[in-house]
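Subject: Structure handover

Hello,

Here is the structure you are taking over. My notes on it come below the file.

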Amino acid sequence: MNSAAPPPSGPHEESVSLPAPTPWPLLLAAGITLAAAGLVTNWVVSGVGIMLLVVALAGWIRELVSHRGEIEIPWVEPELRAAPIKPAAARVEALRPGMPGHRMRVPEKVHPYSAGVRGGLVGGAAMAATALLYGLISGHGIWYPINLLAAMILTNFADKSTVELEQFSLAALGVGTVIHGLTSLAVGLCYGIILPTLPRWPMLWGGLVGPLLWTGATYGFMGILNPVMNARVEWSWFFVSQFVFGIATGMVVARSEKVPAERPVPRSRVSHERRY
Amino acid sequence: MAVAEPLAMRTELSDTARLRAWSTTVDHKRIGLLYVGTSLIFLVIGGLEALLIRWQLWAPELRVLGPTQFNQLFTMHGTTMIFFVVMPMLLGFANYLVPLMIGARDMAFPRLNALSYWLYALGGALTHFSFFAGGAPDVGWFAYAPLTEYTFSRGHSTDYWILGLLVSGLGSLFTGINLLTTILALRAPGMNLARMPLFVWMMLVDAILLIFAIPPLTAAQLMLLLDRSLGAHFFDTQAGGSALLWQHLFWFFGHPEVYILALPAFGMISEIVPVFSRKVIFGYESVAAATVTIGVISMGVWAHHMFTVGMSDVLDAIFSGASFLIAVPTGIKMFNWIATLYGGRLRFESPLLFAVGFLAMFVMGGLTGIMLAAVPIDWQVSDSYFVVAHFHYVLFGGSLFAIMAGFFYWFPKASGRRLSERLGRWQFWIMLAGFNLTFGPMHVAGLLGMPRRIYTYSDDRGWTLWNQLATVGALVLGVAFVLFFWNLFVSWRRGAPAGDDPWDAWTLEWATHSPPAPYNFETIPPVHSRRPLWDLKHPQDPDWILPDRAQPEVIA
């Protein structure tokens, strides 16, 4: 392998050791090519190619083993070296807030990620309560909405009747809880990140627009994601549960204390950078 | 400011000594120039093949070429341009620039580097030797099975194609290994990954793609060689082989190959746009991250070339989705470059002209790419001239425009002289017009149902006008290339001396003499940021002590 990068500026000997010019790569390539060409011309060509290949490989290895592969190259005359880099005469004018062309970074303050996580958990709990309420009011029971959600993963639920879907299933409870928990956390995190970037009324965005968009997207994809739920879902209740999630999550996120979007660089890093 | 006569021009050597010096060199700069020079020769060959193709298609029922000759020409045009022009030219730029940009003396394996070049050059020669040995390959540049089986392709033309690409592919693989090692192991002190020039970032990902993409092609070619020479049946459908296996193996190489050709071009643009906008690149991190993302996704989209073979709906959906997905990181880069230009103090010299041309043309190629990623559209226009138009907008409008920008930008470093700006401007506008005149109408011809690779057509199809526009455009493009070669020839000998840093740029290659000494640097400038030369030129305002104040965006 070639020697490492040149040393940083300082006193040096004025020559450099570099790999010497060598014919072996050319001859090796020629050997390989002739060996291949012989397959479509004449076997003698391949024979010559293989011989050349062996000779070139041996020459190459011998050059490396005997350390004859390097030469000392003196530096070129000083007038042919790169001119030292001089400081520019023009000064730099840094753009500052309010100057023409200055781009602000918005938002200046954001909710911490933890607010999004908390919001997701609270919203998820509120949404689960709404779904259970639907189960009780509709007469299907509290396990029904959980089983419908779990059917997204538990494909054998597609063959179950409505009565069977009203029964308790430990697997469905586990799967449904995981799906609901993870989705709630992810959406809560998105709320935490997106809400501060939206103008004015965060509760309008979080409590109404967000659930509307989410319900619309879910409506479009439900047939693929969860055919069982798609066949049985009560869309009015579905929207209400999304709305409850949005309001609860939005409230938690909106009430959290905002922090500056751009975190100050730790002093330790600044001093490290300045050491050079 | 007085500028010294370039170092290279002062060296007096006999022709024999010069030939020996160039044929035995292991210097990355000379090898880079050899790559570029050889690929320019192949560019002339591939260009002439394209002109002959366009001549044949000028009018319905023309008989300038026979069907077999036409098949040979489009096969060799595609093969030449992809394997022997664009890819080696970009690897030539990488060879020349990467060690200079990272402050190294040479590539990690200089002798292997020389071997790579010679394998490429001799592989190209072997492929083109087929013209004199009974006929050139005529199976298309992706050589679909079972057309390539001995039953359908007698003689040795397909064997030449296989062997030539095997040999040159070996060279590309070695270059990938060499670039990867160089970038990871030989960076100057202070240049961590987050401070590398973006061209180097692109080459890092490019090298990884080369290492992953070339072996499947090599394996497929060996299997095909066994089919043809020793009676194996890998792709012989009559004997239980699979023609689709070839397509999977070829495109597992072929689609990353598109990005192998595009990423270095992205890198060139990422270097040129900031310097000619007098601003730092907008979102360095996102450009680097998008590059890695493109590299990863590009390995998983190959079967979008195969929608018409009748894969399952699920596979169609997966590869279609992945193909849409790759538009995201590519789009991120596009926005980064535009945001860098936005509000900058633009210097519309030739490098930036070609860079902006790249942005516009590549967007058009990208948009038709998104169309083709949609399975129903692909079914309609697959194997039509719409696809031909699409990939020429990507590889010519994209890679070749960026390469031209790179020529104008780095020629002064390699030669010590500047390319003629006046000729460069003429070339740009003629090339832009000729390019769009050639490939724009192909979209329409394709949508009207003109299949690719037909050697003639009847006059009742409504394709004549679009083909004539394309042929005129090809001639205009030819004029642009004549200007380019004339500019190279004249400027190399008598161009205005450029000095070490003609563009007031910021990366390390501009800290060397033009052209650089064999060892590159007497002393390497300190690297504290992504723009080490900016730091030296503006000691009162370097990039690396800006944590608590505004980022400078305008030079007073």
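This is a predicted model: local features need pLDDT of at least 70, side-chain atom pairs count only at pLDDT 80 or more; totals for chains, interfaces and linings use all residues.

Chain B overall. Chain B contains 16 helices and one strand. Its radius of gyration is 23 Å, close to the 24 Å that the globule rule gives for 556 residues, so chain B is as compact as a globular protein of that length. Along the principal axes, the C-alpha atoms of chain B fill a box of roughly 70 × 55 × 40 Å. Buried residues make up 57% of the 556 in the chain. Of the contacts in chain B with a separation of 6 or more, 81% are between residues 24 or more positions apart.

Helices. Helix α8 of chain B runs over residues 243-277. At 1.5 Å a residue, its 35 residues should span 51 Å, and the end C-alpha atoms are 50 Å apart, which agrees. Arg278(B) follows α8(B) and has a positive phi, near 55 degrees.

Helix α6 of chain B (residues 157-185) has 29 residues. From first C-alpha to last, α6(B) reaches 42 Å, close to the 42 Å expected at 1.5 Å a residue. Because 23 of its 29 residues are buried, α6(B) is largely enclosed by the rest of the structure.

Nonpolar cores. The largest nonpolar core has 188 residues, and the members that touch the most others are Ile269(B), Phe358(B) and Ala405(B). Helix α4 of chain B (residues 67-102) gives the most to this core, with 22 residues. Another core, of 16 residues, lies apart from it; Met127(A), Ala131(A), Phe245(A) and Ala254(A) are among its members.

Which residues does Ala405(B) touch, not counting residues up to four places away in sequence? They are Met268(B), Ile269(B), Ile272(B), Pro351(B), Phe354(B), Ala355(B) and Phe358(B). In general, nonpolar side chains tend to be buried together in soluble globular proteins.

Chain A domains. The domain assignment divides out domain 1 (15-76) and domain 2 (109-260) in chain A. The C-alpha centres of domain 1 of chain A and domain 2 of chain A lie 68 Å apart.

Regards

Terms used: Residues are numbered from 1 along each chain as its sequence is written. Chains are lettered from A and ligands numbered from 1 in the order in which they are written. A nonpolar core is a set of buried Ala, Val, Leu, Ile, Met, Phe, Trp, Tyr and Cys residues joined through C-beta atoms within 7 Å. A residue is buried if 20 or more other C-beta atoms lie within 10 Å of its own, exposed if 12 or fewer, and partly exposed in between; C-beta atoms are placed from the backbone. Helices (H or I, at least four residues) and strands (E, at least two) are DSSP runs, numbered from the N terminus. Two residues are in contact if their C-beta atoms, placed from the backbone, lie within 7 Å. The expected span of a helix is 1.5 Å times one less than its number of residues. Domain bounds come from an automatic or database domain assignment. The radius of gyration is taken over C-alpha atoms; the globule rule is 2.2 Å times the number of residues to the power 0.38.
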